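Colleague: I'd like to learn how to read a model like this one. Could you take me through it feature by feature?

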Amino acid sequence: MRRRTRRSYSSYGTRGPRKIWKILLGILIVIVLIAGWGAWKVFTPYQPDNTATAALAEAADAVKVSEQEHWVGFEPAKRNGAGVILYPGALVKPESYAPLARRLAEKGHHVIIAKMPLNLALTSPDLAGEVLKAYPKEAFVIGGHSLGGVIAARYAAAHPDQVKGVFFLASYPDNKGNLKDKNLPVISLLGSDDGVIKMESVQSGRAYLPANTLYFTVEGGNHAQFGSYGVQKGDNPAKISPAEQWNQTVSALQDWMKESVDSAPKKQ
């Protein structure tokens, strides 16, 4: 009769558990890789396209473009009206709004596009306070695109004496951004072909806006073309060019600021 060696007995007793642990480790690695890939897909921001990059780099005596740690500035050589603080939409790089900002600056408005950590305005809702401290002698309106507008409204609601007005680009306020009794001029702009924004949220958000809010529809405009970062998931194709949407937006904002902000009596 053959005698079983100590070595073969020991091997027989541990082979099963080792195999199970290898399988579990492999499964764990796969789960981590899938989760990492999913997070990368979810949190990868929309990047500025070539038009936005050109608007940042374009040399012009009328507008000076500067990049600070927490914002991108478009400063006109000759100011004409209130400055503009713009909070970007969720997961949209701030440089994507350069074409809109440059157009506003060419009309005389000092424009500040906020840089948000992780490209989410929720991460730094009070960044406007840093801008106001940096330019204490200037008056600013505040607003934003999509989620940026929601968060900008919250800042305005909490600091109504620090800003001169609020604007929404494909956006709306929530309860924390209630502007109904803040005595601030407000304008809301929405593309007629916006496929991203939920209209029920827009309608419910009107409960938090003052009665004299100005509503403006960009006919043929969509959600993404307030910026310049290409096609956004879920959006409808626009029926007008990006340049036409920016021009309509600038015209509406400028008229609103001229009539409701710049000519408004100073608060006592």
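Colleague: Where is the place of Ala-170?

Modeller: Start with how elements are assigned: helices (H or I, at least four residues) and strands (E, at least two) are DSSP runs, numbered from the N terminus. Ala-170 sits in the loop between S6 and S7. Before we go on, this is a predicted model, in which local features need pLDDT of at least 70 and side-chain atom pairs count only at pLDDT 80 or more, while totals for chains, interfaces and linings use all residues. Residues are numbered from 1 along each chain as its sequence is written, and side-chain values use heavy atoms, with hydrogens and water left out.

Colleague: Is Ala-170 buried or exposed?

Modeller: The cut-offs come first: buried means under 20% relative accessible area, exposed over 50%, and partly exposed in between (1.4 Å probe, protein chains only). Ala-170 counts as buried because its relative accessibility is 1%. Its backbone deserves a look too: phi of Ala-170 is near 50 degrees, a positive value in a residue other than glycine.

Colleague: What about Leu-91, and where is it found?

Modeller: Leu-91 is in the loop between S3 and H3. It also has a positive phi, about 60 degrees, although it is not a glycine. With 15% relative accessibility, Leu-91 counts as buried.

Colleague: Let's zoom out. How many helices and strands are there in the chain?

Modeller: The chain has 7 helices and 8 strands. Of its 268 residues, 44% count as buried. The chain's accessible surface comes to about 15200 Å², with 56% belonging to carbon and sulfur atoms.

Colleague: And among contacts between residues at least 6 apart in sequence, what percentage join residues at least 24 apart?

Modeller: A contact means heavy atoms within 4.5 Å. Here the figure is 71%.

Colleague: Which residues have the most contacts inside the largest nonpolar core?

Modeller: In soluble globular proteins, nonpolar side chains tend to be buried together. A nonpolar core is a set of buried Ala, Val, Leu, Ile, Met, Phe, Trp, Tyr and Cys residues joined through side-chain atoms within 4.5 Å. The largest one has 37 residues, and Phe-74, Val-141, Phe-167, Leu-253, Trp-256 and Met-257 have the most contacts inside it. Elements giving two or more residues to this core include strand S2 (71-76), strand S6 (166-169) and H7. H7 provides the largest share, 7 residues. A second, separate core has 28 residues, among them Ile-112, Val-131, Ala-153 and Val-186.

Colleague: What is Trp-256 in contact with, leaving aside neighbours within four places in sequence?

Modeller: Its partners include Val-141, Val-166, Phe-167, Val-186 and Leu-214. Gln-248 counts as buried because its relative accessibility is 18%. Leaving aside neighbours within four places, Gln-248 is in contact with Phe-216, Thr-217, Val-218, Glu-219 and Ile-240.

Colleague: Is Lys-233 buried or exposed?

Modeller: Lys-233 is exposed, with a relative accessible area of 75%. It lies in the loop between strand S8 (214-218) and H7. Not counting residues up to four places away in sequence, Lys-233 touches Tyr-46 and Val-196.

Methods. Accessible areas come from the Shrake-Rupley method with a 1.4 Å probe; for residues, only the protein chains shown count as cover.
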